[in-house]
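Work through the exercises below with the model open. Each task is followed by a stepwise solution.

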Amino acid sequence: MTTPTPPPTEPRYQADFLTELFRDPLDPGYADAAAATKARGYRRRPLWLRIVAGATMLSIGFLLAVAYQHTQAEQPGRAKVREGLIDQINARRTSVQTLADREEKLGDEVTRLRDAAIPGPEAARLRTAEAAAGYRKVTGDGIVVTIGDGPEKVDPVTGKVDLTTHVLDLDLRLIVNQLWANGAEAISINGNRLTSTSTIRLAGEAIQVDFQPMIGPYEVSAIGPGDLADDFDESRTADSYRGLVKEKGLTFSISERDDLVLPSAPDPVLRYATPLVSKSPSPSPSTSPSGGRK
């Protein structure tokens with residue numbers, strides 16, 4: 001009995017591509033180009049062209065060195081100017097706060113004297129109107145919505161700050177409008193009471209409320225009905241900012257507070273319409289329906 005010889009089998013694998021790549025890493029096209037250049041003969045650039053190129057490179061290097069030295073020399077001056085501006089801002093802020101405290105005391109005194117001079121029902125009606133308009137200090141239970149910037153990101157190429165991680169004026173307007181829609185009766189942002197004519201806008205990179213610059217984190221305090229916190233927490237506005245906390249790293253929280261105290265807004269600047277004075281006398285109106293004709 002003999003054992004049958006197995007038929008020859010073909011190789012199951014082709015040549016390994018990586019093996020070929022390491023064995024001959026140079027692309028055939030490069031080899032052909034090198035051979036063509038060698039056949040034509042290598043020609044050195046003219047001497048004058050090499051001198052011009054070297055002089056150009058030296059000039060560029062000299063200009064870059066001068067610019068660097070000039071920038072370094074200006075750094076102490078810029079830092080000194082910046083510190084001076086910061087001191088001026090702090091001094092002005094302290095002065096404004098002192099004047100605001102004095103204004104609040106004088107306002108309370110004026111209110112007390114006026115309440116003493118006006119009969120009871122009229123004074124109560126006036127106090128209610130002032131509280132609704134935002135020109136009287138109010139106290140009550142409410143909520144505080146706190147929102148702050150996320151981690152600062154700077155584009156490594158352009159050097160610009162990514163503002164998508166910053167709180168903008170639009171964010172504060174959305175939160176305030178949602179609180180009004182949920183029944184808030186009085187709202188303030190970082191202690192600045194809002195009225196029907198208040199503005200929330202962006203000036204440069206700073207948020208201003210009634211032209212007062214705000215610094216984050218921003219606290220939006222609101223006094224309203226007992227279900228104000230639940231209604232705001234279940235709103236789409238709150239859901240969107242909870243999403244930004246996960247996506248952009250913003251800080252956002254809602255907390256209920258008892259006996260919130262919201263200050264009054266500064267006295268409004270009243271504007272009156274005045275009639276235009278015509279230089280030429282206007283004709284006197286006729287007392288007859290037919291214009292005086294008989």
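**Exercise 1.** Which residues form a negative surface patch?

Some ground rules come before the solution. This is a predicted model, in which local features need pLDDT of at least 70 and side-chain atom pairs count only at pLDDT 80 or more, while totals for chains, interfaces and linings use all residues. Residues are numbered from 1 along each chain as its sequence is written, and side-chain values use heavy atoms, with hydrogens and water left out.

Step 1. Apply the patch rule: residues need over 30% relative accessible area and no salt bridge, and like charges are joined within 9 Å. Asp and Glu count as negative.
Step 2. List the members: Asp141, Asp227, Asp230, Glu234, Glu256, Asp258 and Asp259.
Step 3. Find the main contributor. Strand E8 gives the most, with three residues. Helices (H or I, at least four residues) and strands (E, at least two) are DSSP runs, numbered from the N terminus.
Step 4. Glu234 is exposed because its relative accessibility is 62%. The classes are buried (under 20% relative accessible area), exposed (over 50%) and partly exposed in between, with a 1.4 Å probe and protein chains only.

**Exercise 2.** Find the aromatic pair and classify its geometry.

Step 1. Count. There is one aromatic pair.
Step 2. Classify. Tyr241 and Phe252 are stacked, at 5.8 Å centre to centre and 25 degrees between the planes.
Step 3. Locate the partners. Tyr241 sits in helix H7 (residues 236-248) and Phe252 in strand E8 (residues 251-262), eleven residues apart.
Step 4. Check burial. Tyr241 and Phe252 are buried.

**Exercise 3.** How many salt bridges does the structure hold? Trace those that involve Glu130.

Step 1. Set the cut-off: a side-chain nitrogen of Lys or Arg within 4 Å of a carboxyl oxygen of Asp or Glu.
Step 2. Count. The structure holds six.
Step 3. Take Arg114. Its side chain meets that of Glu130 at 2.7 Å, N to O. Glu130 lies in helix H4 (residues 120-133) and Arg114 in helix H3 (residues 47-117), so this bridge ties together parts 16 residues apart in sequence.
Step 4. Take Arg136. Its salt bridge with Glu130 has the closest N and O atoms 3.1 Å apart.
Step 5. Compare cover. Arg136 and Glu130 are both buried. Arg114 is partly exposed, at 23% relative accessible area.

**Exercise 4.** What is the spacing of Asp239 and Arg242 in helix H7?

Step 1. Read the positions. Both residues lie in H7, three residues apart, about one turn of the helix.
Step 2. Check the contact. Asp239 and Arg242 form a salt bridge, with the closest N and O atoms 2.6 Å apart.
Step 3. Asp239 is partly exposed at 42%, and Arg242 is partly exposed at 31%.

**Exercise 5.** Where do the backbone exceptions lie? Recall that most residues other than glycine have a negative phi, and most peptide bonds are trans.

Step 1. Find the cis bond. It joins Gly216 and Pro217, with omega about 0 degrees. Pro217 is in the loop between strand E6 (212-214) and strand E7 (218-223).
Step 2. Find positive phi values. Asp210 has about 55 degrees, and Phe211 about 65 degrees.
Step 3. Asp210 is partly exposed at 28%. Phe211 is exposed at 55%.

Definitions and conventions. Rings of Phe, Tyr and Trp (its six-membered ring) pair if their centres lie within 6.5 Å; planes under 30 degrees apart count as stacked, over 60 as edge-to-face and the rest as tilted. Patches are made of residues with over 30% relative accessible area and no salt bridge: like charges are joined within 9 Å, nonpolar side chains (Val, Leu, Ile, Met, Phe, Trp, Tyr) within 5 Å. Accessible areas come from the Shrake-Rupley method with a 1.4 Å probe; for residues, only the protein chains shown count as cover. The place of a charge is taken as NZ of Lys, CZ of Arg, CG of Asp or CD of Glu.
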